[in-house]
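User: Could you take a close look at one part of this model for me? Please also place that part in the wider picture of the chains around it.

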Amino acid sequence: MPILKADLSACQGYANCVVGAEDAYDIDDDGVVVLLRTEIEETERGRIETAALSCPVSALWLEDA
Amino acid sequence: MSGVVIVGGSVAGIRTARALREHGYTGSVRVLEAETEVPYDKPPLSKGSVDNDARVPLISPAEGDQLGIELLLDSRVTGLDVEAQRVSLESGEALEYEHLVIATGLTPRKGAYDVAGVHVLRTLADARGLRAALADAERVLVLGAGFIGAEVAALARRHGVAVTLVDPAPVPMARVVGADLGERLSALHRRHGVDTRFGVGVTTLEQYEDGHRARLDDGQVVEADVVVVGIGSEVNVAWLAGSGLGIDDGVVCDGLGAVAGAPGIHAVGDVARWDGVRVEHWTSAVEQAVCVARSIAQPATSTDQDPSGNIPAGHVPVAYVWSDQYDWKIQLVGVRDVSTAPEVVEQAEPFRLAATWRDRAGRVTGGVTVNWPRESVRLRTAAARGGAA
């Protein structure tokens with residue numbers, strides 16, 4: 001099962017991820033991404049990964065567990 | 001006739017190439033880039049510090065090899081033959097394609113300031129040249145107080161360089177954020193020690209000893225070691241002259257990026273006019289890249305709904321752009337009728353602000369936030385849902 005990862009120190013609060021998949025990403029009051037879950041089903045991988053790739057500072061990615 | 005040829009290796013072009021593979025495209029993918037640099041991202045070029053190299057790669061040659069994306073650098077395309085499905089290169093070579101993706105972007109304008117030694121900022125080479133110049137500069141003159149000019153002013157101030165920022169508009173950002181917020185952005189420059197000359201034009205700009213001298217139309221003279229021009233850009237479409245493609249301040253496309261009357265040709269990013277609208281935003285370029293890649297890789301499903309989301313594949317959602325100016329992280333969302341006053345919420349310690357624009361029916365159309373990403377998400381989501389907030 002793909003695992004969603006984030007580099008919280010890289011996050012700049014651009015929030016494209018949240019707009020792309022608000023069931024996987026949120027942003028906290030300090031403007032830093034929050035992963036709502038890290039285990040991603042294969043069936044939703046494309047959508048979650050597209051949202052990850054919309055990050056302008058490449059702070060998000062999926063790894064195969 | 002072979003595979004996909006992408007003309008332009010900036011974010012729109014490279015993201016198209018990557019998304020083709022993500023969507024299962026198995027043909028050849030070639031990216032033709034006029035520059036000699038391995039593709040890099042552009043927003044960081046005007047951000048960060050004078051001491052950092054602004055290079056943020058979009059793809060490495062190793063990734064290209066692994067993904068089967070052929071990066072052809074130093075490959076300037078000079079012509080397109082739609083009938084023969086072929087592009088010609090400056091080198092004299094020609095490449096055939098089955099699908100062509102036009103992603104040639106913009107070139108900054110110098111307008112009346114096209115004087116030797118004047119800087120613009122678009123490419124990595126521009127950014128490196130500007131950083132090197134600022135590193136030794138005492139005084140910089142920035143012409144144009146839009147996003148690029150404002151970010152360059154902030155970059156220079158962070159390095160301790162004296163900045164004079166000139167713009168013919170009395171409140172340069174008012175057109176984008178409204179009069180009140182525009183005034184606050186002007187004040188932000190002044191608070192960081194910038195000598196702002198707004199509502200003033202430049203009569204003459206000339207080289208003078210080691211630097212430049214500008215005469216302003218209020219009679220003042222400004223001398224500077226470094227001059228930077230940020231007054232906008234024009235689309236790179238000269239190579240399409242004679243191709244027969246529709247050009248109207250950009251390549252004319254339908255709402256899915258397909259070029260009218262030219263099967264197999266799409267355009268993405270700053271150079272593309274989708275459904276009558278041309279957008280110069282990073283996020284839009286990425287969205288268009290994904291959409292076009294999907295159309296090419298999975299033609300039968302290209303107009304279907306996203307399998308698990310609610311956004312139709314071709315729908316470009318809500319405009320979104322950001323700008324880092326001094327200690328303000330500014331995010332601009334959607335559509336703002338700046339002739340009307342927004343609702344503004346702001347907090348001190350730490351300072352943050354959210355301005356919301358609504359239409360007559362009270363629906364959220366867009367907004368501006370400062371240091372408040374969470375509010376920018378709320379605005380984007382609300383505007384995307386037709387304004388229900």
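Where in chain B is Asn371(B) found?

Analyst: Happy to. Asn371(B) is found in the loop between strand S25 (364-370) and helix H8 (373-384) of chain B; helices (H or I, at least four residues) and strands (E, at least two) are DSSP runs, numbered from the N terminus. Please keep in mind that this is a predicted model, in which local features need pLDDT of at least 70, side-chain atom pairs count only at pLDDT 80 or more, and totals for chains, interfaces and linings use all residues. Residues are numbered from 1 along each chain as its sequence is written, chains are lettered from A and ligands numbered from 1 in the order in which they are written, and side-chain values use heavy atoms, with hydrogens and water left out.

The backbone of Asn371(B) deserves a look: its phi is near 55°, a positive value in a residue other than glycine. Asn371(B) counts as partly exposed because its relative accessibility is 24%, where buried means under 20% relative accessible area, exposed over 50% and partly exposed in between (1.4 Å probe, protein chains only).

A cis peptide bond, with omega about -10°, joins Glu349(B) to Pro350(B). Pro350(B) is found in the loop between strand S23 (343-347) and strand S24 (352-358).

Elsewhere in chain B, helix H7 (residues 282-297) has 16 residues and reaches 22 Å from its first C-alpha to its last. That is close to the 22 Å expected at 1.5 Å a residue, the expected span being 1.5 Å times one less than the number of residues. H7(B) is mostly covered, with 14 of its 16 residues buried.

A cavity is a set of points on a 1 Å grid over the protein atoms alone where a 1.4 Å probe fits but cannot get out, and lining residues have an atom within 4 Å of a point. The largest cavity has a volume of about 100 Å³, and Tyr14(A) is among the residues of its lining that lie nearest its centre.

The second largest cavity, about 80 Å³, has a lining that includes Leu53(A), Arg15(B) and Val286(B). Helix H2 (45-53) of chain A, helix H1 (11-22) of chain B and H7 of chain B each supply at least two lining residues, and H1(B) gives the most, with four.

Definitions and conventions. On a 1 Å grid over the protein atoms alone, a cavity is a set of points where a 1.4 Å probe fits but cannot get out, and a pocket is an open set with protein on both sides within 12 Å along at least five of seven lines; lining residues have an atom within 4 Å of a point. Grid points are joined across faces, edges and corners, and a volume is the space filled by probe spheres set on the points.
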